[in-house]
Amino acid sequence: MKQGRHSFPERYEASDRNDAPSFENSYQVTPELLQEYTKCMTASRRTVHIVLGVVYLAWGLLFPVHIVLKLLLIVLGVLFLFLSVFYSSRLAKRNYRVYELSHTGMGKTILFYPDRIECANDGEAAKTYYYSQISRVKESSGLYVIVIEKTIGIMVKKDAFQKGDFEEFQNFMKQGRQP
């Protein structure tokens, strides 16, 4: 895998500390990867859209209501079902364009130390996060997503470990997150 230049001053020395990371995950951000990330992060919203779509359709079709309300409920039901199908792919395309414009490269490296996580995009300074900042973890078939303070999603590609492997990493995260 072709790796870009990250702004770690020296390999494994992103901070003043001189410790080696327990795990390293490096990959290139692609539209497909962001689509999987978006589906993972919006799964609960998709479920809500499906439930609302079915409820509105059933209410509009099965129950005797005024014709205007009946049409409105049917239109809302179809709209919510439509959203459940197309929302995440449209959002993923938009996120990819934003990512392309806001980052100097499409490569990403994540280093996992015993006390912190350091992330760097090609040509950018590393950002440091602490395990205490993790609000939740989500998982899909190819990604492990670490959500920091409910707003930042760190994508960990399951098959992109340069140091360690996914099974060891998963155990490390479970142990590290326990109080």
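Modeller: A salt bridge here is a side-chain nitrogen of Lys or Arg within 4 Å of a carboxyl oxygen of Asp or Glu. Keep in mind that this is a predicted model. By that rule there are five salt bridges. D19, D115, R116 and E118 are linked in a network of them.

Start with R116. R116 pairs with D19, and their closest N and O atoms lie 3.1 Å apart. This pair links distant parts of the chain. R116 sits in the loop between β2 and β3, while D19 belongs to the segment before β1. The two are 97 residues apart. R116 also forms a salt bridge with E118, with 2.7 Å between the closest N and O atoms.

Now look at exposure. Buried means under 20% relative accessible area, and exposed means over 50%. R116 has a relative accessible area of 1%, so R116 is buried. E118 is at 0%, so E118 is buried. D19 is at 26% relative accessibility and therefore counts as partly exposed.

Compare a salt bridge elsewhere. The side chains of D159 and K157 meet at 4.0 Å, N to O. D159 counts as exposed because its relative accessibility is 64%. K157, at 23%, is partly exposed.

Next, the nonpolar surroundings. The largest nonpolar core has 32 residues. F112, I117, I146, I154, V156 and F169 touch the most other members. Elements that each supply at least two residues of this core include β2 (107–112) and β3 (117–121). Also among them are β1 (23–28), β7 (152–157) and α4 (166–177). β6 gives the most, with six residues. In soluble globular proteins, nonpolar side chains tend to be buried together.

Last, helix α2, residues 43–62. Its 20 residues reach 28 Å from first C-alpha to last, close to the 28 Å expected at 1.5 Å a residue. H49, G53, L57 and G60 are buried in α2. Seen down the axis, the buried residues of α2 fall within an arc of 70°, so they line one face of the helix. An α-helix has 3.6 residues a turn, so residues three or four places apart point the same way. L62 is also found in α2. L62 counts as exposed because its relative accessibility is 66%.

Terms used
Residues numbered from 1 in each chain as written. Predicted model: local features only at pLDDT ≥ 70, side-chain atom pairs only at ≥ 80, totals over all residues. Heavy atoms only, no water. Helix = DSSP H or I, 4+ residues; strand = E, 2+ residues; numbered from the N terminus. Expected span 1.5 Å × (residues − 1). Buried < 20%, exposed > 50% of the residue type's maximum accessible area, 1.4 Å probe, protein only. Arc of directions from axis to C-beta. Core = buried A, V, L, I, M, F, W, Y, C linked by side-chain atoms within 4.5 Å.
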